[in-house]
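The sequence and structure come first.

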Amino acid sequence: MVLEMLNPIHYNITSIVPEAMPAATMPVLLLTGLFLLVWNYEGTSSIPGPGYCMGIGPLISHGRFLWMGIGSACNYYNRVYGEFMRVWISGEETLIISKSSSMFHIMKHNHYSSRFGSKLGLQCIGMHEKGIIFNNNPELWKTTRPFFMKALSGPGLVRMVTVCAESLKTHLDRLEEVTNESGYVDVLTLLRRVMLDTSNTLFLRIPLDESAIVVKIQGYFDAWQALLIKPDIFFKISWLYKKYEKSVKDLKDAIEVLIAEKRRRISTEEKLEECMDFATELILAEKRGDLTRENVNQCILEMLIAAPDTMSVSLFFMLFLIAKHPNVEEAIIKEIQTVIGERDIKIDDIQKKKKKKKKK
C-alpha cells in the first residue's frame, strides 16, 4: 500500500504540472520581462525631468497627469524641474515647455509632425483630424492653418484692438450682469464675455447669447482636460465619460446653430466681398470641396472658444497683479495718458509704447 502511494505512476502528472507551474514561473517571467525592458531602454534624456527608474517613472508620470489633471500636473513639474522639462505620458517622452521664448522659437518653425492626445479622447471632443488646436493629421492641419493665419494677421489684427476696446466699453455698461448679490464683480466671467464678443465680431458675426455660450465653453474645456490623455480602456465604460460627452455636444450644437445662420446669410448675400471673414472663407472652401462640413464647424468652434479660455485668464491675472501693485498701476495709467491721451486706442499705439520702452 505504501509502495503504491509512493509510485509516481499512480499520480496524474498532467494535473499536477499546470497547478504548480504558474506559481513557480510567473515571478521569473515578470523579472525577466522587467530586466529586458530596462536592458532595451536607451537611457533617459538630458532634459530635466523625473527619472526612468526601471519603468516606474513613466507610470508615475502618466498617473500624476491622470490624477491631478493636465494643468495642475504641468504646474507641479514646473515647480520641481523648471520651465523646460521631460515627462512620460502614455509611455512616450513628452516635453512641457512653459518658457515663452522657447515656445516662440518652436512655434515659428514648420517642423510639425503631429498633435498630442489620445485618439479616442480627441474623437470625443471633436478634434481628431479636425480644426487646428489638436488636429493630429499634418496634411489637414496645414490646409486649415492658412485660414487662421489670415484671420489673425493683417487687417484683422488691426481691427482687433478697436473691436476689443468697444466690446469692453459695452460690457462695462452692463456690469450688473456679472455682479453677484454681494455686489462683487465676477471679473473672469466679464473678460470671457468680452473675449467671446470680440471673437464673434471678428470671425463669425452672428448674434449669440454670451452668458449661455461662455458656460458651455467652460464645460467643453473641462471635457478637453479630462479626456485628452485618458487610456483607451476609459472609453470602454460609457458612464465614466458620459457627462463630458454631453458637455461637448452642448457646445457643438450651439455653435452649429450659429454656423447654420451664417450659411443662410452667405447664400442670400449679393456681394460676398463685403462680408468676408474667417467663417465665410471656411464655408466657401467647403463649397469648393477643400474642407468637409465637420472640419469647417470645428475650425469656427475653436476660433470662438480660444480667447475666452486663454486670453481672458491671462488678462485676469494681469489685472490681479496690477491691482496688487498700485505703483505699477499708476505708471501704466501715466504712460497711457502720455501716448494716447483722451482718444481711442489704436494698434499703432502698442508699437509706440514698445519703442519708448526700448529707448529707456
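1. In which helix is Pro308 found? Pro308 lies in helix 13 (residues 293-324); helices here are DSSP runs of H or I with at least four residues, strands are runs of E with at least two, and both are numbered from the N terminus. Pro308 is buried, with a relative accessible area of 1%, where buried means under 20% relative accessible area, exposed over 50%, and partly exposed in between (1.4 Å probe, protein chains only). Not counting residues up to four places away in sequence, Pro308 touches Arg192, Met195, Leu196 and Ile217, a contact being heavy atoms within 4.5 Å. Ile217 is 91 residues from Pro308 in sequence, yet their C-alpha atoms are 8.0 Å apart.

2. The model is predicted: local features need pLDDT of at least 70, side-chain atom pairs count only at pLDDT 80 or more, and totals for chains, interfaces and linings use all residues. Residues are numbered from 1 along each chain as its sequence is written, and side-chain values use heavy atoms, with hydrogens and water left out.

3. The average pLDDT (the predictor's confidence in each residue, from 0 to 100) is 82, and 81% of the residues score at least 70. Over residues 1-21 pLDDT stays under 50, and the model has 6 contacts beyond four places in sequence for them.

4. The largest nonpolar core has 60 residues, of which Phe65, Tyr220, Trp224, Phe278 and Ile300 touch the most other members. A nonpolar core is a set of buried Ala, Val, Leu, Ile, Met, Phe, Trp, Tyr and Cys residues joined through side-chain atoms within 4.5 Å. Domain 1 (43-112) and domain 2 (138-351) each supply at least three residues to this core; the domain bounds come from an automatic or database assignment. A second, separate core of 5 residues includes Val178, Val194, Met195 and Ala307.

5. Arg263, in helix 11 (residues 238-268), is buried at 15% relative accessible area. Leaving out residues up to four places away in sequence, Arg263 touches Ile283, Glu286, Arg293, Val296 and Asn297.

6. The 14 residues of helix 14 (residues 326-339) should span 20 Å at 1.5 Å a residue, and the end C-alpha atoms are 20 Å apart, which agrees; the expected span is 1.5 Å times one less than the number of residues. Gly341 follows helix 14 and has a positive phi, near 75 degrees.
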